Amino acid sequence: MSSITHPNPYASWESRGFWEGAGRDQLVLQKCTTCGLVQHRPRGVCAHCLDSRGLEHFVASGRGLIYSYTVTEQNQAKGFVEACPYIMAYVTLDEGPRLLTVIVDCEPDAVSIGMPVAAGFASQERDDDELFAIPVFRLS
Amino acid sequence: MSTAEFPTSVAIAGVYEHPSRFSPNKTEFQIMAECAKGALDDAGLTREDVDGLFGASMSMGMMGIVDLAEYLDMRPDYLDGTNIGGSSFVAHVTHAAAAIHAGLCSTALVLYGSTAASNAMAIGTGGTGGSNNPDTAFSAPYGMTTVGSYAMYANLHMNKYGTSSEQLAEIAVTMRQHAGLNPLAKMRAPITVDDVLESRMISRPLHLLDCCIISDGGGAVVVTSLERAKDLKTKPVQLLGCGEAVQHQGVGDSDLLTIAAKQSSLTAMKMAGIKHSDIDFAMVYDSFTITVLATLENLGFCGPGEGGDFVSNGGIGLGGQLPVNPDGGGLSSNHPGMRGIFLVIEAVKQLRGECGDRQVAGAEIAIAHGTGGTIGDKHSGATLVLGADR
């Protein structure tokens, strides 16, 4: 999918809905039914109500617009050092929140701010039974 | 409880910048101890006078300030190991002032030391570290780097306002000109805008010379009451205003271009009761060229999007409309990972009028703004307004 070897995500009970959803090819966000807040990153509570009772997960559209990006030419971290240059970006999702991601399957020069993108899911090689994946984005 | 005014009843009585930029034979605490001696000597005080200890470094975690007290064999009445990144020491001065004003201590020592360069630490391009940290759980899988986050800020600024790489390069060129006047600066050979643009791309649009250097180093600041400082060896520098703030991703909806400097400087400037035109020079955290541009806009020296013009044509050079970082900054003088203490030290030296070739003429009021963490991701901001004692 991408030449990046994504590090396995750290999933706590607060965040595993996101990574498990990605394992089902779904972009999963949290919404508070009490106040209506849609939040990313996920938390154990609604950040505004400071309460978990109204918090639900839902499947988002997976569509959004590039808010900003950079072509990373140097990153010494494992999984990325040989993948440079790669495109790291903030995407503003149709549902509101912005998330950090990578834009894959496109030339660095083909990207610009404001372009529409859609989520894809990079599967993970793991030595346990978790079916996590990493949401990545492509120009759409 | 003191009845004197806050924060003007508090002053900086001594400062010291470690002269070394590469200290492979020293430890972090050793550098801090040498700086402590330097700043106390500068103030004309001794270790027995210190009853407040403040410090932070890249390796000091929980209990770090206690470890430091033990290393120095000090038993102060007041401890503060606040670590909010590179701005920590700017905040420490504020915290020390509050503690002194409240009568909790009378003479505070603020310390920093680092061996980042001799440890060959990849600060900007080392990635976010292990992904088994809840804090980086959503950035490590995507290859976030410090420079990458600043690069996304820069790209957004360029896209929205037409800011150019040439304008960012002007910042690096000016810092290098200043470093040429500072005998302690690590990088002193002049550079041109073309040199910056032709240097290796690290994370578009930021080139190698848009990034700060990595050095070893350290520093110390002595904070006490203005009343006491007036009787000491060195001319006191008065605290006129202070403020702190934080900016982050929120729930995924924050405006990336608005940084903590906006909030913390509003607090500090209001407290000081001054206008931008009253300020003679600025000490600004310059981890990257874009950091300077973003900070100057958010401090209100120019409007959003006007930073590119503001920094061009010598605007932030000595003799320009607002001299910035006459010591050469982190881009050329020193950057051991958490540069905030040098903002305070240089501001104080300038206000005392002892900076020789790089002296800002008639410097009476300075603003110092430290950024800690990462602009474009999450960061702290701490602002001080300082005044020469007249």
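Q: What stands opposite Gln30(A) in β3(A)?
A: In this predicted model, the residue of β3(A) that stands opposite Gln30(A) is His57(A).

Q: What makes β1(A) and β3(A) count as paired strands?
A: Two strands pair if at least two bridges are found between them. Strand β1 (residues 28–32) of chain A and β3(A) are joined over 5 bridges, in the antiparallel sense, so the two strands meet the condition of at least two bridges.

Q: Why are β2(A) and β3(A) said to stand at the edges?
A: The open sheet has 3 strands in the order β2-β1-β3 (chain A), with antiparallel pairing. In this sheet β2 (38–39) and β3 (55–59) of chain A each have a single partner strand, so one side of each is left without a neighbour in the sheet.

Q: What makes β4(A) and β5(A) a pair, and what makes β5(A) and β6(A) a pair?
A: The cut-off is at least two bridges. β4(A) and β5(A) run antiparallel and share 8 bridges, while β5(A) and β6(A), also antiparallel, are joined by 6 bridges; therefore both sets of strands count as paired.

Q: Why is β5(A) called mostly covered?
A: A residue is buried if 20 or more other C-beta atoms lie within 10 Å of its own. In β5(A), 7 of its 8 residues are buried, so the strand is described as mostly covered. Over chain A, buried residues make up 42% of the 140 residues.

Q: Why is chain A called as compact as a globular protein of its length?
A: Chain A has 1 helix and 8 strands, which run α-β-β-β-β-β-β-β-β from the N terminus on. The radius of gyration of chain A is 15 Å, close to the 14 Å that the globule rule gives for 140 residues, so chain A is as compact as a globular protein of that length. The C-alpha atoms of chain A fill a box of roughly 45 × 40 × 25 Å along the principal axes.

Q: What makes up the contact of chain A with chain B?
A: Residues are in contact if their C-beta atoms lie within 7 Å. The contact takes 36 residues from chain A and 31 residues from chain B. On the side of chain A that touches chain B, the elements giving two or more residues are β4 (63–72), β5 (86–93) and β6 (98–103) of chain A. By class, this side of chain A has 19 nonpolar, 14 polar and 3 charged residues.

Q: Which element gives the largest share of the side of domain 1 of chain B that touches domain 2 of chain B?
A: The domain assignment divides chain B into domain 1 (10–119 + 216–229) and domain 2 (140–213 + 240–388). In all, 28 residues of domain 1 of chain B are in contact with 28 residues of domain 2 of chain B. The largest share of the side of domain 1 of chain B, 7 residues, comes from α3(B).

Terms used. Residues numbered from 1 in each chain as written. Chains lettered and ligands numbered in written order. Predicted model: local features only at pLDDT ≥ 70, side-chain atom pairs only at ≥ 80, totals over all residues. Contact = placed C-beta atoms within 7 Å. Helix = DSSP H or I, 4+ residues; strand = E, 2+ residues; numbered from the N terminus. Nonpolar A, V, L, I, M, F, W, Y, C, P; charged D, E, K, R; others polar. Domains from an automatic or database assignment. Rg over C-alpha atoms; globule rule 2.2 N^0.38 Å. Buried ≥ 20, exposed ≤ 12 C-beta atoms within 10 Å, placed from the backbone.
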